[in-house]
Amino acid sequence: MSAHNRPLSPHLQVYKPQLTSVMSISHRATGIALAAGTLLLVWWLLAAAAGPEAFATAQGFMGSWFGYLILFGFSYALMYHLCNGIRHLFWDAGYGFELETAYKSGWMTVGASVVLTVVAWIIVAAG
């Protein structure tokens, strides 16, 4: 078979987005966001070790509206990745592959991620 006659694999522009595909892409995106957020955490820790001026700069950024937005996104990414990882553990055990169950667990993952994020921020704000 020549290279010109090979069938093309279907891609995102061919398929209509479904909950399962969107969640798969979101899981990968939140993994990338967690890696970037970890770099931010490393910057904050290095600033704390570098002295009061460096720490004040990092703390000033983290305490700004943009810093809070990033921290909120990081915490949502963490909760989503955690909840979807638990969902995948059930799949690894052979449970939840039925279409109806996959959709229910998908929406439960999204809902639990939102609830856990909000609860975490309420606990932080209260403390």
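User: Is F97 buried or exposed in this structure, and what is its relative accessible area?

Analyst: Let us keep in mind that this is a predicted model. A residue counts as exposed when its relative accessible area is over 50%, and F97, with a relative accessible area of 56%, is therefore exposed.

User: How does S26 count, and in which helix does S26 lie?

Analyst: Values that fall between under 20%, which is buried, and over 50%, which is exposed, are called partly exposed. S26 has a relative accessibility of 26%, so S26 counts as partly exposed, and this residue belongs to helix 1, which covers residues 19-50.

User: How should I read aromatic pairs, and how many does the structure hold?

Analyst: Two rings pair if their centres lie within 6.5 Å, and the angle between the planes then gives the kind of pair. The structure holds eight aromatic pairs, and one of them joins F72 and W121, whose rings are 5.6 Å apart centre to centre with 55° between the planes, a tilted arrangement. Because F72 lies in helix 3 and W121 in helix 4, this pair ties together parts that are 49 residues apart in sequence. Both partners are partly exposed, F72 with a relative accessible area of 39% and W121 with one of 24%.

User: What kind of pair do W91 and F97 form?

Analyst: Planes under 30 degrees apart count as stacked, and the rings of W91 and F97, with 25° between their planes and 6.0 Å from centre to centre, form a stacked pair. F97 is the exposed residue with which we began.

User: What is the volume of the largest pocket, and how many residues line it?

Analyst: A pocket can be read through its volume and its lining, and the largest pocket here has a volume of about 260 Å³ and is lined by 13 residues, with R87, F90, S105, M108 and T109 lying nearest its centre. Helix 3 (65-92) and helix 4 (99-126) are the elements that give two or more residues to this lining, and helix 4 provides the largest share, six residues.

Technical notes
Residues numbered from 1 in each chain as written. Predicted model: local features only at pLDDT ≥ 70, side-chain atom pairs only at ≥ 80, totals over all residues. Heavy atoms only, no water. Helix = DSSP H or I, 4+ residues; strand = E, 2+ residues; numbered from the N terminus. Buried < 20%, exposed > 50% of the residue type's maximum accessible area, 1.4 Å probe, protein only. 1 Å grid on protein atoms, 1.4 Å probe; cavity = no way out; pocket = protein on both sides within 12 Å on 5 of 7 lines; lining within 4 Å. Points joined across faces, edges and corners; volume = space filled by probe spheres on them. Phe/Tyr/Trp six-rings, centres within 6.5 Å; stacked < 30°, edge-to-face > 60°.
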